[in-house]
Amino acid sequence: MEEIQSQSDNYRSSSSSASSPASRVPSSNFFYLRKPGSLRQPISFEDSPEWEDTDIDGRVEEGGDSINAANTPISPSLSKLNSGSLPSPPLAEGGAVVRKTAGASVVWKELAVTIKGKRKYSDKVVKSSNGYALPGTMTVIMGPAKSGKSTLLRAIAGRLHPSAKMYGEVFINGAKTRLLYGSYGFVDRETTLIGSLTVREYLYYSALLQLPGFLCQKKSVVEEAIQAMSLGDYANKLIGGHCYMKGLARGERRRVSIARELVMRPRILFIDEPLYHLDSVSALLMMVTLKKLASTGCTLIFTIYQSSTEVFGLFDRICLLSNGNTLFFGETLACLQHFSNAGFPCPIMQSPSDHFLRAINTDFDRIIAMCKNWQDDNGDFSSVNMDTAVAIRTLEATYKSSADAAAVETMILRLTEREGPLLKSKGKASNATQIAVLTWRSLLIMSREWKYYWLRLILYMLLTLCIGTVFSGLGHSLSSVVKRVAAIFVFVSFTSLLSIAGVPSLLKEIKIYASEESNQHSGALVFLFGQLLSSIPFLFLIAISSSLVFYFLIGLRDGFSLLMYFVLNFFMCLFVNEGLLLTVTSLWQNVFWSVLTLVTIHVVMMLSAGYLRIRSELPRPVWKYPLSYIAFHTYSIQGILENEYLGTNFAVGQVRTISGFQAIHSAYDISQSSNSKWENLLVLCLMAVGYRILVFVLLHFRVRKNVSLHRIFQCRKSTT
């Protein structure tokens, strides 16, 4: 204790000397709030009511549907800041008035989280945390990096990975229950948005995916979400921009991701790092918007790393974490008093959040060591001469024995002694509706994503023209058979290889699916059918345009039925290849490894397709069995050649003729059966179905696992 006391006294003296002129003796009981009109007006804790006298009552109104928090103003200064100094953004003309939301109380008691290591649950991320959140308030979980903020947030929301184990209790409206679909919203730190849609279109399709009911009702919900997040000026703007038009900035994108969850009208909203990668202006606008949202009655709980003084003044309660330990929970201004009581007052002209993080962030110890030589030559290096570990122990010990901790326990008892109304699960859109919405949305995206779709169509046409002109004028003699086989092999193989250009668009679709699936907006089967139905028109457009160019430039046999089979065969080839692309992309979820894997697979399939060496002559292990039977090129080329040459004859000399099968037999291995080409088409259909089943398995397990692993990585990143 002597060491702790000496460190505290040392820090107190250094803070005072480093933050004020010599002629001014700073008080440890106030800090500067930068407000319009009173920029240098100090707000003193001595002028505020005692924290112990704060009267917060959690009660259940009869006939109501939520637990309301009736709390007396804790600090006139805080009330003035929240109400007057930071006005909410003005409502757009004709905009819908944001409706009131019946929030819910959230209590976590003795909450601890461990993450399973290689052998057992060894990594303790959150250690015995207590706290609560009330309707109409903003509760922030603050702390340095690797402190357990995101893990605590996910534990309260019930979104931990299976490898994480939670201890303790979470109460919703006084009852131990898990949050049901539609009763809450969760916004991840990074959300994948669809850049080719406008804000209104994106939210409207999200509402169609999430909500049952009529379209007019969903439109009104979307307009409410737009107004709630102050997105009226950006409602008709493309999220990702178009051509030379810039898309939305990070602040607006972050608000769109929050608005996506508001279409469900949740009682509780969890946000992981709402100020992630935002500048000071965007951060302030974000928090003012969230404050306005909380004023409608919604319960807001979010994590934050650091904030400005203005943003800090908007918080209602703060949960301060360091290394998984709760150093404080209570009103924001009381946190400053807590630091002052522990011997670490906030210096004048310093942001409170900066001061908190400076005191509890162990990374500053390394900075002190790095700057030691410079500090010796130039005097004190601000106030960073404190042992952070000692400060953390001091703050934790002070909090456990303080009236703030006792007040939290009392409030938790009040909120949990009587159960309020249970939150009900809201209905979801039917699977058929979700499939139709995803199909239509994907078609709209394809019509606008010219880089990934229309540019691919142009490349297919150019490649087909190149192949057709190279192999044009072959004629129909016996000597043209080998060259025509080569032309068909090059056409099928190279067009299949060119489809790898669609990997970025497929990867974007998978990321969008993962983002929506994590919030139960869609499922693997719904996504698979939506992607399947939306890709058919685009693939058929490529198939018919490329087939017509190639068919007539090469001079294949005349006949409408023969042409239609060629188009159908090539369409199924592209369809199978699309399934292969989707499978590999779902497996890796990385552009580089997906492209590398697909190029390797296509090269191997081309080698075993039976053109470079006839299938019957391929080495049996590996190349013939199983590669030549796995390669879809084999069945597509074989079907096209059977469609072209079965039933034809070629003259040899003056009197002798040979059949088309005999003419091609030495160049490619085909069957004599008249139904063989349809059998090859059936095999292509079965391969397309097989790849889709494999994609379903990967989406159901692999993508979900990767999303969960990403969350675990974030959890580990926010722990010791």
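Predicted model: local features only at pLDDT ≥ 70, side-chain atom pairs only at ≥ 80, totals over all residues.
Start by selecting Ser 534 and Gly 530. A polar atom of the Ser 534 side chain lies 2.9 Å from the backbone oxygen of Gly 530. That is a polar contact (a pair of N or O atoms within 3.5 Å; within protein, one must be able to donate a hydrogen and the other to accept it, and residues adjacent in sequence count only if both atoms are side-chain atoms).

Residues are numbered from 1 along each chain as its sequence is written, and side-chain values use heavy atoms, with hydrogens and water left out.

Now show helix α19, residues 524-554, which holds Ser 534. Helices (H or I, at least four residues) and strands (E, at least two) are DSSP runs, numbered from the N terminus. Ser 534 has a relative accessible area of 0%, so it is buried. Buried means under 20% relative accessible area, exposed over 50%, partly exposed in between (1.4 Å probe, protein chains only). Beyond four places in sequence, Ser 534 is in contact with Thr 439, Ser 442, Leu 443 and Met 446. Contact means heavy atoms within 4.5 Å.

Next, go to Thr 416 in helix α14, residues 403-416. Its side chain reaches the backbone oxygen of Ile 412 at 2.7 Å. Thr 416 counts as buried because its relative accessibility is 18%. Leaving out residues up to four places away, it touches Val 107, Phe 171 and Gly 174. Select Val 170 too: it is 246 residues from Thr 416 in sequence, yet 9.9 Å away in space, C-alpha to C-alpha.

Now the charged pairs. How many salt bridges does the structure hold? There are 14. A salt bridge is a side-chain nitrogen of Lys or Arg within 4 Å of a carboxyl oxygen of Asp or Glu.

Select Asp 188 and Arg 154, which meet in one at 2.5 Å, N to O. Asp 188 sits in the loop between β10 and α4, Arg 154 in helix α3, 34 residues apart. Both are buried.

Move to Lys 508 and Glu 449, a salt bridge at 3.7 Å, N to O. Lys 508 is in helix α18 and Glu 449 in the loop between α15 and α16, so the pair ties together parts 59 residues apart in sequence. Lys 508 is partly exposed at 31%, whereas Glu 449 is buried at 14%.

Finish at helix α20, residues 560-588. Of its 29 residues, 23 are buried. Just after α20, Gln 589 takes a positive phi of about 55°.

Key
Expected span 1.5 Å × (residues − 1).
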